[in-house]
Amino acid sequence: PTAEAASLLKGFESRLGAAVQPAGIGVLVAAITNDGQREWMFYATGVSAFEKALNEIQEGEELYPIDVS
C-alpha cells in the first residue's frame with residue numbers, strides 16, 4: 001500500500017486492538033497485507049461482542065469492507 005494507506009490501516013488496527021484487547025473481547029494474532037488487501041486475524045470471545053466493538057470504532061470514520069467470520 002501507499003504510505004498514506006499504510007498509515008490509515010495502522011491507525012485502524014491500533015483503534016481496533018485498543019477496543020477489544022483491554023476489554024477481553026479479543027486479541028490480534030496476525031496481520032497480513034497481500035494483493036491490495038489487509039487481513040487481521042483475531043481470537044475473540046464471541047462474534048457479537050467483537051462486531052459491536054468494531055462498529056463503535058468506525059462511527060464517524062470511513063467505512064471499510066469488513067467480513068467477520
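Q: What makes Ile 66 count as partly exposed?
A: Its relative accessibility is 37%. Buried means under 20% relative accessible area, exposed over 50%, and partly exposed in between (1.4 Å probe, protein chains only). The 37% of Ile 66 falls in between, so the residue counts as partly exposed. This is a predicted model, in which local features need pLDDT of at least 70 and side-chain atom pairs count only at pLDDT 80 or more, while totals for chains, interfaces and linings use all residues. Residues are numbered from 1 along each chain as its sequence is written, and side-chain values use heavy atoms, with hydrogens and water left out.

Q: Where is Ile 66 found, and which residues does it touch?
A: Ile 66 is in the segment after α2. Helices (H or I, at least four residues) and strands (E, at least two) are DSSP runs, numbered from the N terminus. Not counting residues up to four places away in sequence, Ile 66 touches Phe 12, Leu 54 and Gln 58. Contact here means heavy atoms within 4.5 Å. Between the C-alpha atoms of Ile 66 and Glu 4, the separation is 20 Å, with 62 residues along the chain.

Q: Why is Gln 58 called buried?
A: Gln 58 has a relative accessible area of 9%. That value is under the cut-off for burial, so the label holds. Gln 58 belongs to helix α2. Its contacts, leaving aside neighbours within four places in sequence, are Phe 12, Leu 63, Tyr 64 and Ile 66.

Q: How far apart are the C-alpha atoms of Gln 58 and Phe 12?
A: They are separated by 8.7 Å, although the residues are 46 apart along the chain. From the side of Phe 12, the contact list holds Trp 40, Leu 54, Ile 57, Gln 58, Tyr 64 and Ile 66, not counting residues up to four places away in sequence.

Q: What makes the set that holds Phe 12 a nonpolar core?
A: A nonpolar core is a set of buried Ala, Val, Leu, Ile, Met, Phe, Trp, Tyr and Cys residues joined through side-chain atoms within 4.5 Å. The largest one here has 9 residues: Phe 12, Leu 16, Val 20, Ile 25, Phe 42, Phe 50, Ala 53, Leu 54 and Ile 57. Two elements give two or more residues to this core, α1 (3-20) and α2 (47-58). Helix α2 gives the most, 4 residues. In soluble globular proteins, nonpolar side chains tend to be buried together.

Q: How do you know that β1 and β2 pair?
A: Strands pair if DSSP finds at least two bridges between them. Here 8 bridges join β1 (residues 26-34) to β2 (residues 37-44), and the strands run antiparallel. Leu 28 stands opposite Phe 42 in β2, and Val 27 stands opposite Tyr 43 in β2. The hairpin has 2 residues between the strands, and Asp 35 takes a positive phi near 55 degrees.

Q: Why is Glu 39 called partly exposed?
A: Glu 39 has a relative accessible area of 45%. Glu 39 sits in strand β2. It touches Ala 30, Ala 31 and Ile 32, not counting residues up to four places away in sequence.

Q: What makes Glu 51 partly exposed?
A: Its relative accessible area is 32%. Glu 51 lies in helix α2.

Q: Which residues are closest to the centre of the largest pocket?
A: The largest pocket has a volume of about 910 Å³. Of its 27 lining residues, the closest to its centre are Arg 38, Glu 39, Trp 40, Ile 66 and Asp 67. Lining residues have an atom within 4 Å of a point of a pocket, an open set on a 1 Å grid over the protein atoms alone where a 1.4 Å probe fits, with protein on both sides within 12 Å along at least five of seven lines. β2 supplies the largest share of the lining, 8 residues.

Conventions. Points joined across faces, edges and corners; volume = space filled by probe spheres on them.
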